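Here are my notes on this one, as numbered points. Have the model open while you go through them.

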Amino acid sequence: MAESESGAEKSEDPTEKRKQDSRKKGEIARSRELNTLAVVLAGTGGLLTFGGALGERVMQVMHKNFTLPRELLLDERSMVINLLQSALMAGDALIPLFFVLLVAAVVGPVALGGWLFSMEALVPKFSRMNPLSGLKRMVSMKSIVELLKALGKFSVVLTVALFVLARARNELIEIAAQPLEMAILHSMQVVGWSAFWLACSLIIIAAVDIPFQIWDSKQKLKMTKQEVRDEYKDSEGKPEVKGRIRQLQREMAERRMMSAVPEADVVITNPTHFAVALKYDAENGQAPILLAKGGDHTALKIREIANEHKIILLESPALARAVYYSTEIDQEIPAGLYLAVAQVLAYVYQLRQYHAGKAKKPSMIKEPEIPDDLRRDE
């Protein structure tokens, strides 16, 4: 089981944030053996595919340069031109092979871990220049694994090389007795197939290295329980900070709510436990809107503000509870309470007319009827 620098056990799977941060730093699973395999296989495959044309072009270049007329040997300018022509002929034959190698050099690293360009990976790390850290890396478990991998690669490649040489021994002897042109083509073929079988030996090494690199990368990303908790705090916020933010949000919402109480037409109370402030806009013809609501201390504060601004207070416990539990701030009351609230607003209007000396004092209204689905008993 992996351990952190503090000695704590890394028993937790990495979070998505940990994985993303690792990719930003360029720390992903990579296999050098896979890269080598891709380039070598592409090179040998290209050699086998284009080897015939390459051999013929080599013979043409050799023929051109070994059969020069006497007058060209004495002309410096013609020698330069001949050199350039030979280089173009050789380059024309090598371009397909170079292109295949270029594609393999790009595909090999991308095949494991995907495409990644990280600026952080380019930043020099001065900690790596510490001699003590270098010695520590030299005697680490990873160094031992790399040493074993190198010995394994040497053994596998050596075994395959000896096998290939043993099988190609007769062909190599035959090449010495063949005419020049045939010997060149035959040697290209022998070299191509020998290199191909040597490249195939790297498949065994890559097949072992790729799973190891994936496993090693996952082990490095594993986290301790404390790291998971710390990351959660950093991403979600510390509980005490979140609690403080919620408290401030509640206080701001309460201040906005209290500032709307003076605009209310009526405040309906429980009379002590609940208070709701309603406003009705007759011009727009909409349903009454809940401007403020609260229980206990908040209800007391709503009543105090209503008294300061001479807002009519009306005791109706059932209606106050029904509005409190069914309606949110700045929302219209539900249709089931239209009739009850209309009775209250009618009473408030009559009471205002009475205070203005335009009507008789209205009689107190009875407790409005509340639908069963909206009734809330204490």
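Where is the kink in helix 7 centred? On Ile205, with a bend of about 30 degrees.

A word on conventions: this is a predicted model, in which local features need pLDDT of at least 70 and side-chain atom pairs count only at pLDDT 80 or more, while totals for chains, interfaces and linings use all residues. Residues are numbered from 1 along each chain as its sequence is written, and side-chain values use heavy atoms, with hydrogens and water left out.

1. Helix 7 first. The bend at a residue is the angle between axes fitted to the seven residues ending there and the seven starting there. Helices are DSSP runs (H or I, at least four residues), as are strands (E, at least two), numbered from the N terminus. With 42 residues at 1.5 Å a residue, helix 7 should span 62 Å, and its end C-alpha atoms are 59 Å apart, which agrees; the expected span is 1.5 Å times one less than the number of residues.

2. The model has six aromatic pairs. Rings of Phe, Tyr and Trp (its six-membered ring) pair if their centres lie within 6.5 Å; planes under 30 degrees apart are stacked, over 60 edge-to-face, and the rest tilted. In Trp193 and Phe196 the ring centres are 5.7 Å apart and the planes at 85 degrees, so this pair is edge-to-face. Both residues sit in helix 7 (residues 180-221), three residues apart, about one turn of the helix. Together with Trp197 they form one aromatic cluster.

3. How accessible are these two? Trp193 is partly exposed at 39% relative accessibility, and Phe196 is partly exposed at 23%. The cut-offs: buried is under 20% relative accessible area, exposed is over 50%, and partly exposed is in between (1.4 Å probe, protein chains only).

4. There are four salt bridges, each a side-chain nitrogen of Lys or Arg within 4 Å of a carboxyl oxygen of Asp or Glu. One of them joins Lys153 to Glu33, with the closest N and O atoms 3.0 Å apart. Lys153 is in helix 6 (residues 141-177) and Glu33 in helix 2 (residues 32-66), so the pair ties together parts 120 residues apart in sequence. Glu33 is buried at 7%, whereas Lys153 is partly exposed at 26%.

5. Another bridge pairs Arg57 with Asp92, the closest N and O atoms being 3.2 Å apart. Arg57 belongs to helix 2 and Asp92 to helix 4 (residues 76-111), so parts 35 residues apart in sequence are tied together.
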